[in-house]
Amino acid sequence: MAQRLATEYVNATFKLSEPQMHQFLRMSDDGRIHHRVKVLDNGCQEIVLADVSGEEVHFPFDRQKGFYICELSCRLVNHHLTNVVRKLFMTFKGDGVVHRIYEEFTMTYVYAQGSVRKIVEQNGENTRLIYEYKNTLLELQRQFQARDVEREINRLYAEVDTLLDTRIHTSAPEELYQIDATLARHQKRLFELEA
């Protein structure tokens, strides 16, 4: 199994409420990792997680509309600290890109709301898609709606056939005008549906 050399967080962001900030602090202390809180101007804070090995990661939190917003870019080598940051990132539904760097290749994970949406392997100049999230429910809804369109097209064709048969047997100018107007509306709608 390949040995991970480092993990990079690129433009990772997450948003915490006041109670979540306290939970963040509780989750980050585990015996090997300790935190320090630096209070900055305007209620902003910087939380520093330090591993017993000496490696640190700084979480700058800006206070905005009652929430703490963190934008993080960092490189981590220590596996224990990396795992703690990963758990925090997933628990608090972070967004961003994470590069897991190995000797021969890099795995890139794209996160949205704490869930992996895409995984790409980069080996030199070669790139290979490993996983991509697909919203199956949305796809099924689209297919169902496409069938609705097909049903409407079939219904309109049947009405057009009936109107054309009626038009052949009608000689009254007023009825011909109404049939032609309806045929024109159906023609426009069919054009929209088939496009």
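## Asparagine 11

Asparagine 11 is exposed, with a relative accessible area of 59% (exposed means over 50%, buried under 20%, partly exposed in between, with a 1.4 Å probe and protein chains only). Asparagine 11 sits in strand S1. Asparagine 11 touches Leu72, Ser73, Asp95 and Gly96, leaving out residues up to four places away in sequence (contact means heavy atoms within 4.5 Å). Cysteine 74 is 63 residues from asparagine 11 in sequence, but 8.8 Å away in space, C-alpha to C-alpha.

## Basis of the model

This is a predicted model: local features need pLDDT of at least 70, and side-chain atom pairs count only at pLDDT 80 or more, while totals for chains, interfaces and linings use all residues. Residues are numbered from 1 along each chain as its sequence is written, and side-chain values use heavy atoms, without hydrogens and water.

## Nonpolar cores

The largest nonpolar core has 30 residues (a core is a set of buried Ala, Val, Leu, Ile, Met, Phe, Trp, Tyr and Cys residues joined through side-chain atoms within 4.5 Å). Phe14, Phe24, Leu49, Val57, Phe59 and Phe61 have the most contacts inside it.

## Helix packing

H1 and H2 pack at an angle of about 155 degrees, their axes 10 Å apart (axes are lines fitted to C-alpha atoms over the stretch in contact; angles run from 0 to 180 degrees between N-to-C directions; helices are DSSP runs of H or I, at least four residues, and strands are E runs of at least two, numbered from the N terminus). That makes H1 roughly antiparallel to H2 (over 145 degrees). H1 contributes Gln23, Phe24, Met27 and Ser28 to the contact, and H2 contributes Val84, Lys87, Leu88 and Thr91.

Methods
Parallel < 35°, antiparallel > 145°, perpendicular 65-115°, else oblique.
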